[in-house]
Amino acid sequence: MDHSKLILSILSFILLFSFNENSEAYIPQRGNVHTSIGPYFFRTNYDGEGSEPGYKTGVNWVIIGDVNDRGSLEFTTTFMNKQFVGRDDGYVVIEETQVVHAAAGYRRWFGERFSAVMSLYTSYPLGDSEKIYNTFPGNPVTTYAQENAETGLDFGLQAELWSRGRYALTTEGRYSWALTKKHDEFSDQYGLMIVIRYFFQGQNTPREDIDILK
C-alpha cells in the first residue's frame, strides 16, 4: 500500500475539518435534499508488476440530506470494475470484478464552495471475477474480488466549480481505504468524480427561482 497517499489524504481531511468555526460558511438547511450524478475516474493504489496505466471510469450517484446548518448525511452508489491485487513470494495476481460500491457518511460544509466527507462503504460484486494478470505457477492467492463483500472508509474533498439556480457542477477527490483487505493485498483506490448536483427539495428556494417567481 502506498502509505504516503493515504497519509496525505487523511491529513488533508483533518486540516479541512480544523478550519475556524467563525469563517464564512455555506449554511445548509435541515430537510434540504440534493442529488447528483456523474462519472468517477479511479485506479487501484498499486503501481507494481502488472499494473495498467491510466484510470478506469465508473458511474457515481449521490443523495445528500441536510441535518443542520453545517452538515449533511450522504448516501453514495458507484458502479465500477474494480481491481484487486494479491502478492505472495514474488508472484502477483490481479483480479477484476464489477462491483456496486455503496457508502453512507457525513459531509461537513466549509464556506460557499468547499466541503469534506467521510463514509463507511461496502462493495458488493455483481458477477464473477476475472484474472487479468497472473504469474503464480499454480493456484494463486485469493483476493477480495472473490468474497461476498468488501468494507472500508471513503475520504473526500469537494469543490463547487459552478452554480446556477437549482444546479451546480462539483468536483471531488476521493480515497477509498479498504479495511478488510488481506495480507499483501492492494485494493485501496483513489479517484476523481465530476458531478452535476440538483437541489431537489427543501426549505430554501434557490435565488434564481425566487427571482423568476417575482
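Biologist: In what order do the elements of the protein chain run from the N terminus on?
Modeller: The model is predicted, and its protein chain holds 2 helices and 10 strands. From the N terminus on, the order is α-β-β-β-β-β-β-β-β-β-β-α.

Biologist: What percentage of contacts between residues at least 6 apart in sequence join residues at least 24 apart?
Modeller: Contact here requires heavy atoms within 4.5 Å. Among contacts in the protein chain between residues at least 6 apart in sequence, the share joining residues at least 24 apart is 68%.

Biologist: Over how many bridges does β3 pair with β4?
Modeller: Strand β3 spans residues 71-88, and strand β4 spans residues 91-110. The two form a hairpin with 2 residues between them, and D89 in the turn has a positive phi of about 55°.

Biologist: Which residue of β9 stands opposite G86?
Modeller: Strand β3 is also joined to β9, in the antiparallel sense, by 2 bridges. Opposite G86, the residue in β9 is E185.

Biologist: Which residue of β3 stands opposite V62?
Modeller: β2 and β3 form a hairpin with 4 residues between them. Their pairing is antiparallel and extends over 8 bridges. Opposite V62 in this arrangement stands T76.

Biologist: Is Q83 buried or exposed?
Modeller: Q83 is found in strand β3. Leaving aside neighbours within four places in sequence, Q83 is in contact with residues including T44, E52, I94, I132 and F186. Buried means a relative accessible area under 20%. The value for Q83 is 11%, so Q83 is buried.

Biologist: With which side chain does the side chain of Q83 make a polar contact?
Modeller: The contacts of Q83 include K56, E95, E96 and S187. The polar contact of its side chain has a distance of 3.1 Å, and the partner is the side chain of E96.

Biologist: Which elements give two or more residues to the largest nonpolar core?
Modeller: The largest nonpolar core has 6 residues: Y40, F42, M80, V99, M193 and V195. Two or more of these come from β1 (33-44) and from β10 (189-201).

Biologist: How many residues make up the other core that lies apart from it?
Modeller: This other core includes V85, V92, I94 and F186. The number of residues in this core is 5.

Biologist: Why does the pair of Y46 and F186 tie together parts of the chain that are apart in sequence?
Modeller: The structure holds 5 aromatic pairs, and Y46 and F186 form one that is tilted, with 5.0 Å centre to centre and 55° between the planes. Both Y46 and F186 are buried. Y46 lies in the loop between β1 and β2 (56-66) and F186 in strand β9 (residues 185-186), so the parts tied together are separated in sequence by 140 residues.

Biologist: Is the pair of Y167 and Y198 stacked, edge-to-face or tilted?
Modeller: Y167 lies in strand β8 and Y198 in strand β10, 31 residues apart. Y167 is partly exposed, with a relative accessible area of 43%, and Y198 is partly exposed at 26%. The ring centres are 5.0 Å apart and the planes stand at 45°, so the pair is tilted.

Biologist: Which residue in the turn between β7 and β8 has a positive phi?
Modeller: Strand β7 (residues 150-164) pairs with β8 in the antiparallel sense over 12 bridges. Within this pairing, L153 stands opposite W177 in β8. The two strands form a hairpin with 2 residues between them, and the turn residue with a positive phi, of about 60°, is G165.

Biologist: Which residue of β10 is the bridge partner of T171?
Modeller: β8 also pairs with β10, in the antiparallel sense and over 10 bridges. The bridge partner of T171 in β10 is I194.

Definitions and conventions. Residues are numbered from 1 along each chain as its sequence is written. This is a predicted model: local features need pLDDT of at least 70, side-chain atom pairs count only at pLDDT 80 or more; totals for chains, interfaces and linings use all residues. Side-chain values use heavy atoms; hydrogens and water are left out. A nonpolar core is a set of buried Ala, Val, Leu, Ile, Met, Phe, Trp, Tyr and Cys residues joined through side-chain atoms within 4.5 Å. Buried means under 20% relative accessible area, exposed over 50%, partly exposed in between (1.4 Å probe, protein chains only). Rings of Phe, Tyr and Trp (its six-membered ring) pair if their centres lie within 6.5 Å; planes under 30 degrees apart count as stacked, over 60 as edge-to-face and the rest as tilted. A polar contact is a pair of N or O atoms within 3.5 Å; within protein, one must be able to donate a hydrogen and the other to accept it, and residues adjacent in sequence count only if both atoms are side-chain atoms. Two strands pair if DSSP finds at least two bridges between them.
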